[in-house]
Amino acid sequence: MNEISQAFKNNAFIPFIVAADPNYQKSLETAKALIDAGADVLEIGIPYTDPAADGPTIQKAYSRALKNGFEVKQIFKLVKEIKKYKDIPIVVLTYYNIVYNQGIDTFYEKAKESKINGVIIADMPIEESDEVLTQSKQKDIHQIFLVSPNSTKERIKKIEKKSEGFIYTITRLGVTGKKEKFLENTRKTIQKVKSTTDLPIAAGFGISKPKHAEKAIKAGADGVIVGSAIVEKIQKNHSLEQIKNYVEEMKKAINKI
Amino acid sequence: MKDRFDEFGGKFVPEPIIPALEELEKEYTEIKNSTEFQEQFREILEEYAGRPTPLTYSEKLSQKFGCKIYLKREDLLHGGAHKLNNTLGQALLAKHMEKEKIIAETGAGQHGVATSMAGAKMELETEIFMGKKDLERQKLNAYRMRLLGAKLNPVTTGEAKLKDAVNEALRAWVKELENTHYLIGSVVGPSPFPEIVRDFQSVIGKETKKQIQQKENSLPDRIIACVGGGSNAIGIFHEFVDKDVKLTGIEAEGSASITNGSKGTLHGSMSKLLQTEEGQIKETESIAAGLDYPGIGPEHSMYNQKERINYKTANDEEALEAFKLLSKAEGIIPALESSHALAQLPKIQNDLSPDDIVIINLSGRGDKDVREVSNLE
Ligand SMILES: Cc1ncc(COP(=O)(O)O)c(C=O)c1O
């Protein structure tokens, strides 16, 4: 049985990296460092030419990986190797066209084989999810959906029904990216989702500082997803030590609550 | 509204966009059939945009190709292309939705200009996203947009062309959904955009039908239009899809999504597109910035599948030849995009008989292209 939700018991820290950014080997090393520093779940993005939900930092990471010859089979290999190092829950983030071109059944078959725990398709709302859900259920992979600050309660309920593992709560309108301020709006969004579901809630988009993470957890989130802040460190060639320190700091902020 | 054209179309967008699409669908359904809205739309098309546009008989082309050739003169529409039909319609819709701002992508700059015109006319704040590469080859249109009061945002991501401008416009839209309407420029994007844009552009075909019946007392045998995203083509074809008329869409050879593409999702809809086997979107290359796009509207993919519309290609050279031919023969400088439609004539010459009536949709005028063409000489 698939057990992502276990990882949220003591507030989950979920770092996001891009597969093969800047190359395959480096991304594997980064993943291991993140695990060493205490990541509870790992989220890995599959490079795509047209990531409409992502801001400039992650777009650039995708371009770097594609320039270095990324192929989709590498994501499955990467997850297998990471799992060999330590078996923590891994979710992949992708776009519909990637999954569609692999063949939806093939994609989920390979995902199962490499023990991917969950899949997030950034541009697949519930309306377009029937075929995917058939496959994800068959392969016992959690399909994770996003809810947004402008989702109505009614819609959150509908999304909740289709979701497994956790609910990805977008904490501000916009694309992924670092934000300096944690908005009041974010708190409201998390609370709205919390009152609608029993699934764990992971808050993401714009969380980069320990303070943001702390506030998200205090507002009711069960975990935080940090993408652009980490991807930016990779882009700036920060050492694995520096990345570890950052993760430890973030972990401290959410574990003390 | 149905959100599919058979297996094509749909809403493949990030969750935050869904409420905006739902609002759009609701509001559009509400006003679509209201006589007040249709009256407003008709009036602004006539009084401001200059509709109806003529259906011009081309004596020279008719002689040359041995049939009766008519040109639907969207080049004479205010702004110089068919784009204004759509931007005025959507700007009215934005007003109805009480939005304060419109944003749009543009390739050749024609849609950006037409959006800026609609924005100025209807007092909507206007922001345009344009690929840096396109900005360089369409400097004049860039200046026109600024002159019309729009804010112009150069796009440097990806290939810095039309596809990337759509990505940036989508990203920008998510940040200000509340007060902003995304005025998409072709029959592409998530549902309900392809249907809305088609409805506003279908005025071209409705007029054409009336005009050809008056002039020839008959329907045409063939209609030919160029296809980028596909709005001018659907605009003229739509009135004829259930009639006995041959319909041909011409893609640019370097960006021929129907001819060389495969099924997939881009910019919110399932359609045919140019991509690798892994679903990475391919680079495209066409002399006509407005056709330089790796996707196509989902309704075209459906008509291709049904074999109701035929899709062919023209390359840069053939388009340039047609560009020069029409300029000399009729004193009309066609847009490089429209020149692709004209380039089909020599290829079908042997199948044409003197009584055949062929209509070419002249989607725009070529003033914007003169600089680029002269640079080639
Ligand atoms: C004159 C002209 N024709 C055609 C097009 C292609 O668009 P569509 O296929 O939507 O008509 C453009 C786009 O910029 C254009 O400017």
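Start by selecting B:Asp367, which is partly exposed at a relative accessible area of 45%. Keep in mind that this is a predicted model.

Over all chains, the count comes to 48 salt bridges.

Next stop: B:Asp199 and B:Lys32, whose side chains meet in a salt bridge at 3.5 Å, N to O. Colour helix α9 (residues 193-201) and helix α1 (residues 18-32) of chain B; B:Asp199 lies in α9 and B:Lys32 in α1, so this pair ties together parts that are 167 residues apart in sequence. Is B:Asp199 buried or exposed? At 17% relative accessibility, B:Asp199 counts as buried, while B:Lys32 is partly exposed with a relative accessible area of 24%.

Now jump to B:Lys324 and B:Glu377, another side-chain salt bridge, at 3.4 Å, N to O. B:Lys324 sits in helix α14 (residues 316-330) of chain B and B:Glu377 in the segment after α17 (370-375), so the pair links parts that are 53 residues apart in sequence. B:Lys324 counts as partly exposed at 34% relative accessibility, whereas B:Glu377 is exposed, with a relative accessible area of 71%.

B:Ser301 counts as buried, at 1% relative accessibility. What does B:Ser301 touch, not counting residues up to four places away in sequence? Show B:Phe8, B:Ile258, B:Ser271, B:Lys272 and B:Ile296 to see those neighbours.

Finish at the interface. Select the contact between the chains: 37 residues from chain A and 34 residues from chain B. Chain A and chain B bury about 2700 Å² between them, 49% of it on carbon and sulfur atoms. How many salt bridges cross the interface of chain A and chain B? The rule finds four. To see a salt bridge between the chains, zoom in on A:Asp50 and B:Lys163, whose side chains meet at 2.9 Å, N to O.

Then highlight α2 (56-67), α4 (96-102), β6 (146-147) and α7 (153-162) of chain A, the elements that each give two or more residues to the side touching chain B. The largest share, six residues, comes from α4(A). Colour that side of chain A by class and you get 20 nonpolar, nine polar and eight charged residues.

Conventions: Residues numbered from 1 in each chain as written. Chains lettered and ligands numbered in written order. Predicted model: local features only at pLDDT ≥ 70, side-chain atom pairs only at ≥ 80, totals over all residues. Heavy atoms only, no water. Contact = heavy atoms within 4.5 Å. Buried area = accessible area lost by both parts, 1.4 Å probe. Helix = DSSP H or I, 4+ residues; strand = E, 2+ residues; numbered from the N terminus. Nonpolar A, V, L, I, M, F, W, Y, C, P; charged D, E, K, R; others polar. Buried < 20%, exposed > 50% of the residue type's maximum accessible area, 1.4 Å probe, protein only.
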